[in-house]
Amino acid sequence: MKLEINKKTIEVDADPQMPLLWVLRDLLAMTGTKFGCGKGLCGACTILLDGSPVRSCSTPAIAAEGKELTTIEGVAEEYKHVQDAWVELNVPQCGYCQSGQIMSTVGLLKKNESPNDEEIEQALVGNICRCGTYGRIKKAVKLSVQLKNQ
């Protein structure tokens with residue numbers, strides 16, 4: 001099957017029911033997307049499909065056919081301000097959830113360039129941080145908006 005990943009068309013020889021997480025990590029060696037719970041509950045494996053966050057561990061590869069798939073590797077340029085905010089505020093601790101947190105943030109900012117506190121919390125509610133850095137994550141989302149507007 002052909003998948004559009006980070007603005008490149010890639011031919012993948014995979015079972016259509018294989019979770020996208022394993023297509024990315026095992027078949028394409030794109031390890032920025034993390035494995036967390038394996039049940040779509042923690043958000044560590046979040047990617048974007050047509051700009052909306054989805055859990056790659058519970059989304060079959062066939063669901064991405066004909067759609068634009070974006071991983072953490074694909075947001076480094078356009079959304080550098082998000083990663084810069086994460087670094088400036090020392091958001092990560094163990095790093096387990098950060099790829100998914102950033103992808104959910106990018107999904108939010110694609111639809112809302114200036115979210116308020118409630119909108120940030122709603123957008124990130126499905127991403128679990130076992131270190132409890134939620135306060136710093138929310139500050140980083142706000143800082144990323146400021147950095148983009150500079």
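Threonine 33 is buried, with a relative accessible area of 0%; buried means under 20% relative accessible area, exposed over 50% and partly exposed in between, with a 1.4 Å probe and protein chains only. The residue lies in the loop between α1 (20–27) and β3 (46–49), where helices (H or I, at least four residues) and strands (E, at least two) are DSSP runs numbered from the N terminus. Leaving aside neighbours within four places in sequence, threonine 33 is in contact (heavy atoms within 4.5 Å) with Leu21, Leu24, Arg25, Cys45, Ile47, Ser56, Thr71, Ile72, Glu73 and Ser99. The model is predicted, so local features need pLDDT of at least 70 and side-chain atom pairs count only at pLDDT 80 or more, while totals for chains, interfaces and linings use all residues. Residues are numbered from 1 along each chain as its sequence is written, and side-chain values use heavy atoms, with hydrogens and water left out.

Alanine 85, in helix α2, is likewise buried, with a relative accessible area of 0%. Apart from neighbours within four places in sequence, alanine 85 is in contact with Ala140, Leu143, Ser144 and Leu147.

In soluble globular proteins, nonpolar side chains tend to be buried together. A nonpolar core is here a set of buried Ala, Val, Leu, Ile, Met, Phe, Trp, Tyr and Cys residues joined through side-chain atoms within 4.5 Å. The largest such core has 25 residues, of which Val82, Trp86 and Val106 touch the most other members. Two or more residues are given to this core by each of α2, α3, α4 (117–124) and α5. Another core, of 14 residues, lies apart from it and includes Val12, Leu24, Met30 and Ile47. Valine 82, when neighbours within four places in sequence are set aside, is in contact with Ile102, Thr105, Val106, Leu109 and Ser144.

Two packed helices are described by the angle between their axes and the distance between the axes. Axes are lines fitted to C-alpha atoms, for helices over the stretch in contact, and angles run from 0 to 180 degrees between N-to-C directions. The axes of helix α2 (residues 80–88) and α3 cross at roughly 135° and come within 10 Å. The angle makes α2 oblique to α3; angles under 35 degrees count as roughly parallel, over 145 as roughly antiparallel, 65 to 115 as roughly perpendicular and the rest as oblique. On the α2 side the contact is made by His81, Val82, Gln83 and Trp86, and on the α3 side by Gln98, Gln101, Ile102, Thr105, Val106 and Leu109.

Helix α3 (residues 98–111) also packs with helix α5 (residues 134–149), at an angle of about 40° and with axes 11 Å apart. These two helices are therefore oblique to each other. Gln98, Gln101, Thr105, Leu108 and Leu109 of α3 meet Tyr134, Ile137, Val141, Ser144 and Val145 of α5.

For α3 and α4, the packing angle is about 130° and the axes are 9 Å apart. The pair is therefore oblique as well. Here Gln101, Ser104, Thr105 and Leu108 in α3 meet Glu119, Ile120, Ala123 and Leu124 in α4.
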